[in-house]
Amino acid sequence: MTRATVTWIAGPVLHATKQGPFSLRESVRVGPQALLGEVVRIQDQTIVVQVYEDTTGLRPGIEVRGDGQPLAIRLGPGLLGRIFDGLLRPLSGSASNFVQSGMHAAAVERRHFEPAVKPGDALAQGVVFGHAGEADGATGRTQHCLVPPGVGGIVESVVAAGEHADDATLCVLRSGEGADAARHELAMSHVWPVRSPRPVRRRLPPLAPLVTGQRILDSLFPVAQGGKAAIPGGFGTGKTVLLEALAKGCNADVIVYLGCGERGNEMAGVLDEFPTLTDPRSGRPLMERTVIIANTSNMPVAAREASIYCAITVAEYFRDQGLHVALMADSTSRWAEALREVSGRFGELPGEGGYPAYLSSRLANFYERAALVETLAGSTGSVTVMGAISPPSGDFSEPVTSHTKRYVKAFWALDVKRAQARFYPAVHPLQSYAEDARDFAPWWVEQGNGHWMTLRRRFLTLLDEQAQLERMARIIGKDALPARQQLTLLCADLVNEAFLRQSAFSENDRVCSPARQATMMKLLGRFVDLAEAALGGGAAPEAIATLPCLRALQRMGEDIGDDALPRFAELEARLERDFAQIAAPSIAKPQDATDAAHG
Ligand code: ADP
Ligand code: MG
C-alpha cells in the first residue's frame, strides 16, 4: 500500500508528500479514522487530495494511504429500498441517521441466492449467473446477479441455492490458457468505479417516451425512455414537488432519487414520505423499487461532487439487469456549486460565474450516461436522467442552465409567474421544449391518440397566440379584440386550465395515464373545432364562454380519474348538445354572423 504524509489542510482539500506512486483519481484513506478521499492532482512529490468527509481535527503529519484503485462503490441486491449518503453508505437500517465517518461499506447482509448456471457453462460478461432475493423470500423483488463487465469464463464451481453473505464467493470462473489463465470469483455484489460508465453492447435510438403521468410533460414535452431532461426553475417554483411526483408516478422499474445539496428539511419530505407510499402500478411499497441518495447541504461539500456519479452508477447497474431506471437529481446547481467551492480550494482559475472551466465537460459526463441500451447480456434497459437546476434569481442564462441545455433533449422550464399564480406544475409551455417529440407520434397512436402531433401543435399554437394577444389586450382591452381572437383566448385558457394544470396533491389527478391524456386532448380538440365552427356560424364568443360544458371541461382532470374513462364519453355528448343549441339560432340568423365577424 502506498503512503503519503499530510503537510497542508484547508477544508476538504489537503496536500501530502508521497512515499510511493499514487495515480490520479486514486481513492485514499486519511488518518486513523480512514476518511475517504480522492487524489485530484499530483505534482512532483506532492499529491492534492479532496476528502469526502469532515476534516475537522486532522493535522499535518498524519498518514494518507492509497487504495490502488479509483473511487468505487459496491453494487448489489442490497441497494433497493434503502437510503444512502453521497458515497453510497447506508443512512437507513442503522440506529443513527448519520454515518460514522470512515465507515466504508454497508454491513454485510445475508440473502437467498438461487444459481442459474452449472459447472462447465461458458459465461460472458454482463450475463445473469443467479438470482438474489430477500432472506425470508417474502418481501422485495428478486434481483439478477450479473457477471461484472470485463469478466467471463467457464464455470468451475457454483454454490447450491441457499442463504449467503452479500460479498461471499458464490461462483468461480476460469478463463484463458497457460500464462493467460485467470480465476474470477463472483459474488452477489461487485465493486465498480463511479466515474467510469458501465459498458453496454450498444446504445439504441429512442423508442418510447418515459411516461411521467404529468400531462404537460407527456403530451407536450415528452422525454425519451433513456433520455435526459432538465428542470430549471427559481426558488419555490416547484422543482422538488415535480421531481417527487415523477418519482412516484413515472413508469420506470427503478427510481434513483438523488437529493444533492438541498436543505435538510426539503430532503426530509422525501425521506419521511417515500417509505409510506404505495406504487400505483404494483400495489407494493414504492420504496421497494427506489434507491434514495441523500447528500444535504450540511454534509461535506466534496462528497456532493461524487454523489452524482454514485447515483448514475447505481442507475446503470439496474439498467444492466434489463430494467428501465429513472434518475432524479435535485439539484444539479448545488452540485455545480460544490464543484466551484472545491475548485476554489485547489486554487484553480475560475471561469464563467466562478465555476471551473471543466463545468461543461463534467455536466456532459453526467448526462451522457443516460441512454436506452442493449446490455452486455443482450436485454434492453435504460437510464433516464431528470435534473433540477436552481439558477440564482431564476436567470436561465447563467452557466449551469446554459451548459445543461447543450446536453438535454427535454427542457422543462418552470415559470415564477405561473408558480406565483399557484398554477402547477409551473412548466412554461413557451419556454420549454422537447427535441425528440416527433419520434413519439407512433407511440401515441398505440395509446389511442392518432392525432397527437396535430393536437400538440394546435395546443402550442393557441398558447403562443394567447401570449401575443394578451399583450395587445392589455393595451386595447379584451373586449375590443375581434371575435376570433377572443375565441383564441378562450380556447387557450381552457387548454391551460383543463389540461396543463394538474395538482400533485389531487387524489384523482396527480398521475394521468396516457389513455386519459389522449381522451382529454381529443375532447379539447373537439371543443376548439366546435367553437370555431360555431363562431363561423355566427355564434358570439360570449355565448361560447357561457356554455355549461365549459365548466365541466375545466374540472375534468379532477373529476374523472383514470378508472372512470367512460365518463368522458358522457362529457363529449354534453359538449355536442351544448354546441348544437348555440349553433341552431346562428343558422337561422345569418345576419348575425356578419355582425359578429365584423364586430
Ligand atoms: P422548489 O423546489 O422549486 O424550490 P418546491 O418544489 O419546494 O419548490 O415547491 C414549493 C411549493 O409550491 C410547494 O410546497 C407546494 O406548495 C407548491 N407546489 C409546487 N408544485 C406543485 C404542484 N405540482 N402541485 C401543487 N402544489 C405545488
Ligand atoms: Mg426544491
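Reader: Which residues line the second largest cavity?

Author: Happy to start there, and please keep in mind that this is a predicted model. The second largest cavity holds about 40 Å³ of space. Its lining is made up of Thr 240, Tyr 257, Gly 259, Glu 262, Glu 266, Met 267, Val 270 and Asp 330.

Reader: Where does the largest cavity lie, and why?

Author: Let's look at the lining, which includes Gly 126, Leu 146, Arg 198, Asp 320 and Thr 375. By class, the lining residues are five nonpolar, two polar and two charged. Lining residues come from both domain 2 (112–187) and domain 3 (205–437), so the largest cavity lies between these two domains.

Reader: Now to the ligand: which classes of residue make up the shell around ligand 1, and how many of each?

Author: Ligand 1 sits in the largest pocket. Around ligand 1 are Gly 234, Phe 235, Gly 236, Thr 237, Gly 238, Lys 239, Thr 240, Val 241, Arg 422, Tyr 424, Ala 504 and Phe 505. Sorted by class, that shell has five nonpolar, five polar and two charged residues.

Reader: How much of the accessible area of ligand 1 does the protein cover?

Author: An oxygen atom of ligand 1 lies 2.8 Å from a polar side-chain atom of Lys 239, and a backbone N or O atom of Gly 236 is 2.8 Å from an oxygen atom of the ligand. A polar backbone atom of Ala 504 lies 3.2 Å from a nitrogen atom of ligand 1. Of the 560 Å² of accessible area that ligand 1 has on its own, the protein covers 78%.

How values were computed. Residues are numbered from 1 along each chain as its sequence is written. Chains are lettered from A and ligands numbered from 1 in the order in which they are written. This is a predicted model: local features need pLDDT of at least 70, side-chain atom pairs count only at pLDDT 80 or more; totals for chains, interfaces and linings use all residues. Side-chain values use heavy atoms; hydrogens and water are left out. A residue is near a molecule or strand if one of its heavy atoms lies within 4 Å of it. A polar contact is a pair of N or O atoms within 3.5 Å; within protein, one must be able to donate a hydrogen and the other to accept it, and residues adjacent in sequence count only if both atoms are side-chain atoms. Accessible areas come from the Shrake-Rupley method with a 1.4 Å probe; for residues, only the protein chains shown count as cover. On a 1 Å grid over the protein atoms alone, a cavity is a set of points where a 1.4 Å probe fits but cannot get out, and a pocket is an open set with protein on both sides within 12 Å along at least five of seven lines; lining residues have an atom within 4 Å of a point. A molecule sits in a cavity or pocket if more than half of its atoms lie within 2 Å of its grid points. Ala, Val, Leu, Ile, Met, Phe, Trp, Tyr, Cys and Pro count as nonpolar, Asp, Glu, Lys and Arg as charged, and the others, Gly among them, as polar. Domain bounds come from an automatic or database domain assignment. Grid points are joined across faces, edges and corners, and a volume is the space filled by probe spheres set on the points.
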